[in-house]
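Here is a short briefing to read alongside the model. Please keep the structure open as you go through the points.

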Amino acid sequence: MNKAEVRITIRFFGSLVDLVGDRYVKIDAGINQTIKDCIERLGVPHTEVYFITLRKDFVRFDRIVENGDTYFVYPECNLDIPKEYVLTPKYAGVPKFILDIHLGKLARLLRMLGISAEYGIVEDEMIVQKAVSENLIILTRDRGMLKKSEVVYGYVVRSDKPEEQLREVTLRYSLQRWFRPFTRCMECNGELISVSKSVILDQLPEKVKENYDEFAKCSKCGKVYWGGTHYENMNTFIEKFLENLSKGK
């Protein structure tokens with residue numbers, strides 16, 4: 001081996017294995033490379049790394065790797081880690097998300113359950129800017145976006161199926177305790193408020209006027225909502241989703 005070569009082993013745990021495809025990965029790291037550089041080179045954004053150890057000692061992202069090192073890399077967990085070695089802090093409070101343009105169906109499902117899910121921005125830079133300024137969690141299929149140094153909170157959605165994506169994100173952020181179905185606008189993410197029928201009467205189709213008396217209106221875009229077949233279908237979906245979640249499906 002050339003004296004200038006630096007070869008290391010990285011052992012990934014939990015959900016990080018999904019991103020790499022293996023638990024143990026050996027790589028030629030190069031000279032003066034940080035462990036953060038090596039981890040992200042393998043496709044794991046820094047936002048998904050909770051802590052790292054080397055020979056049972058905690059290390060930070062700026063650790064320069066040395067030939068023969070073996071690093072253990074962990075996702076967020078409930079272990080009691082010294083604050084100075086927590087590399088990505090846990091999100092505090094009610095989770096609020098911003099999703100990339102490829103996750104529209106997931107955004108609607110989250111909104112249906114009452115979870116704030118901003119969606120519709122196309123440019124990555126604008127998504128990052130909004131996430132940072134408003135303290136939002138980025139949900140994306142684009143790992144590159146989450147490798148930007150200014151991004152604090154972000155998750156790579158593994159599945160390409162919306163219902164599986166919803167389960168994935170629900171488990172990752174313990175969303176079930178924050179569910180408040182039918183409290184957000186499916187179109188713009190605004191909060192829904194109860195509204196008197198008389199106030200929105202001129203916005204209603206004739207059949208709706210005859211058959212419904214309870215309504216909600218988006219405080220942001222003004223869209224009006226009422227019960228009906230679509231509402232019943234969504235309610236059935238939610239009940240099945242929660243049932244499967246409780247059964248670990």
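The notes below go from the whole chain to its helices, surface and salt bridges.

This is a predicted model, in which local features need pLDDT of at least 70 and side-chain atom pairs count only at pLDDT 80 or more, while totals for chains, interfaces and linings use all residues. Residues are numbered from 1 along each chain as its sequence is written, and side-chain values use heavy atoms, with hydrogens and water left out. The protein chain holds eight helices and twelve strands; helices (H or I, at least four residues) and strands (E, at least two) are DSSP runs, numbered from the N terminus.

**The chain as a whole**

- The C-alpha trace spans about 85 × 40 × 30 Å along its principal axes.
- Of the 249 residues in the protein chain, 45% are buried (buried is under 20% relative accessible area, exposed over 50%, partly exposed in between, with a 1.4 Å probe and protein chains only).
- Looking at contacts (heavy atoms within 4.5 Å) between residues at least 6 apart in sequence, 57% join residues at least 24 apart.
- The chain exposes about 13900 Å², with 48% supplied by carbon and sulfur atoms; accessible areas come from the Shrake-Rupley method with a 1.4 Å probe, and for residues only the protein chains shown count as cover.

- H3 (104–112) is mostly covered, with seven of its nine residues buried.
- Those buried residues are Gly104, Leu106, Ala107, Leu109, Leu110, Arg111 and Met112, and they pack against E6, E7 (117–118), E8 (137–140), H6 (162–172) and H8 (229–246).
- In H6, the buried residues include Gln165, Leu166 and Val169, and the helix's buried residues pack against E6, H3, E8, E9 (154–156) and H8.
- Each helix is followed by a residue with positive phi: glycine 114, near 90°, after H3, and serine 174, near 50°, after H6.

**Surface and loops**

- Ile101, Tyr119 and Val122 form a nonpolar surface patch with about 240 Å² of accessible area together; patches are made of residues with over 30% relative accessible area and no salt bridge, joining like charges within 9 Å and nonpolar side chains (Val, Leu, Ile, Met, Phe, Trp, Tyr) within 5 Å.
- Isoleucine 101 sits in the loop between E6 (97–99) and H3, and is partly exposed at 32% relative accessible area.
- Arginine 60 lies in the loop between E4 (57–59) and E5 (70–74) and is partly exposed at 39%.
- Beyond its neighbours within four places in sequence, arginine 60 contacts Ile35, Glu84, Tyr85 and Leu87.

**Salt bridges**

- The whole structure has 14 salt bridges, each a side-chain nitrogen of Lys or Arg within 4 Å of a carboxyl oxygen of Asp or Glu.
- Arginine 158 and glutamate 48 meet in a salt bridge at 2.8 Å, N to O; this pair links distant parts of the chain, 110 residues apart, with arginine 158 in the loop between E9 and H6 and glutamate 48 in the loop between H2 (35–41) and E3 (51–54).
- Glutamate 48 is buried, with a relative accessible area of 5%.
- Lysine 130 pairs with glutamate 134, the closest N and O atoms being 2.8 Å apart; the two are separated by about one helical turn because they are four residues apart in H4 (residues 124–134).
- Glutamate 191 and arginine 184 form a salt bridge, with the closest N and O atoms 3.8 Å apart; glutamate 191 is partly exposed at 47%, whereas arginine 184 is buried at 14%.
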